[in-house]
Amino acid sequence: MVDDFKVRKAAEEDVPLLAEMNARLIEDEGSLNPMSVPQLEARMAEWLESDWRVVIFEFDDEVIGYGIFRIQPDEHEPGTHVAHLRQFFIERDSRDKGFGRAYLVALIDNWFPRPCRVELDVLATNPGAKTFWRRCGFDDYSTRMVLKR
Ligand SMILES: CC(C)(COP(=O)(O)OP(=O)(O)OC[C@H]1O[C@@H](n2cnc3c(N)ncnc32)[C@H](O)[C@@H]1OP(=O)(O)O)[C@@H](O)C(=O)NCCC(=O)NCCS
């Protein structure tokens, strides 16, 4: 049941674990982000104090992932909102069991306003995540192009 999938606001004491999970996310998605774990910790601590919402996913009192998002007014549709999902991560040994979809549903149902558009970027090096988002109902909207010189 979705009720078993607990989402809670992250606290300062979660920062070291969040930074470790962020490092695993960077590795898994093939990101070019070169930040070290201490640098990720410092950035995570800053986000906790910002308008980014950092939330922990728990199941049976065990942390199995996290998400980071920000809610802003939708400039294209006044009166509605956009949720930008910046990071979304399920621990490696908890994948492919329906957790990702369940926590996404929990965010949409309990943490995002209604009506709300949900946006996120997927790296080209992360086709598995692209399939995941498609399975959860997302469609392609744009492609970010990069020139390396
Ligand atoms: C992407 C991620 C969140 C998926 O979480 P998960 O708990 O494994 O996903 P679920 O088990 O809920 O899967 C939901 C559906 O997506 C599909 N799916 C999930 N990961 C997939 C993958 N790597 N390749 C193909 N399909 C995948 C599942 O088969 C399932 O399909 P269904 O509709 O037939 O049931 C997880 O793999 C992860 O944290 N990856 C590393 C971080 C990352 O890439 N985050 C997203 C950045 S954009």
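**View 1. Strand 2 and strand 3 are paired in antiparallel fashion.** Strand 2 (residues 53–59) and strand 3 run antiparallel and are joined by seven bridges, where strands (E, at least two residues) and helices (H or I, at least four) are DSSP runs numbered from the N terminus, and two strands pair if DSSP finds at least two bridges between them. The model shown is predicted, so that local features need pLDDT of at least 70 and side-chain atom pairs count only at pLDDT 80 or more, while totals for chains, interfaces and linings use all residues. Residues are numbered from 1 along each chain as its sequence is written, and side-chain values use heavy atoms, with hydrogens and water left out. Within this pairing, Val54 has Ile68 of strand 3 as its bridge partner. The hairpin of strand 2 and strand 3 has two residues between the strands, and in this hairpin Asp60 takes a positive phi near 50°.

**View 2. Strand 3 also pairs with strand 4.** Nine bridges join strand 3 to strand 4, and the two run antiparallel. Here Tyr66 stands opposite Phe89, a residue of strand 4.

View 3. The structure holds one cavity of 30 Å³ or more, a cavity being a set of points on a 1 Å grid over the protein atoms alone where a 1.4 Å probe fits but cannot get out, with lining residues having an atom within 4 Å of a point. The volume of the largest cavity is about 40 Å³, a volume being the space filled by probe spheres set on the grid points, which are joined across faces, edges and corners. Lys9, Ala10, Leu48, Trp52, Arg53 and Val54 line the largest cavity. By class, this lining has four nonpolar, no polar and two charged residues, where Ala, Val, Leu, Ile, Met, Phe, Trp, Tyr, Cys and Pro count as nonpolar, Asp, Glu, Lys and Arg as charged, and the others, Gly among them, as polar.

**View 4. Arg117 and Asp74 form a salt bridge.** The closest N and O atoms of Arg117 and Asp74 are 2.9 Å apart, and a salt bridge is a side-chain nitrogen of Lys or Arg within 4 Å of a carboxyl oxygen of Asp or Glu. The pair links distant parts of the chain, 43 residues apart, with Arg117 in strand 5 (residues 116–119) and Asp74 in the loop between strand 3 (62–73) and strand 4 (81–90). Arg117 is partly exposed because its relative accessible area is 28%, whereas Asp74, at 4%, is buried; buried means under 20% relative accessible area, exposed over 50%, and partly exposed in between (1.4 Å probe, protein chains only). By this salt-bridge rule the count comes to 14.

**View 5. Asp140 and Lys130 meet in a salt bridge.** The N to O distance between the side chains of Asp140 and Lys130 is 3.8 Å. This pair also links distant parts of the chain, since Asp140 lies in the segment after helix 4 and Lys130 in helix 4, 10 residues apart. Asp140 is exposed, with a relative accessible area of 52%, and Lys130 is partly exposed at 35%.

**View 6. Phe132 has contacts with Phe88, Gly100 and Arg101**. Phe132 is found in helix 4 (residues 127–135) and is partly exposed, with a relative accessible area of 24%. Its contacts leave out residues up to four places away in sequence, and contact means heavy atoms within 4.5 Å. Phe132 and Gly100 are 32 residues apart in sequence and 8.3 Å apart in space, C-alpha to C-alpha.

Definitions and conventions:
On a 1 Å grid over the protein atoms alone, a cavity is a set of points where a 1.4 Å probe fits but cannot get out, and a pocket is an open set with protein on both sides within 12 Å along at least five of seven lines; lining residues have an atom within 4 Å of a point.
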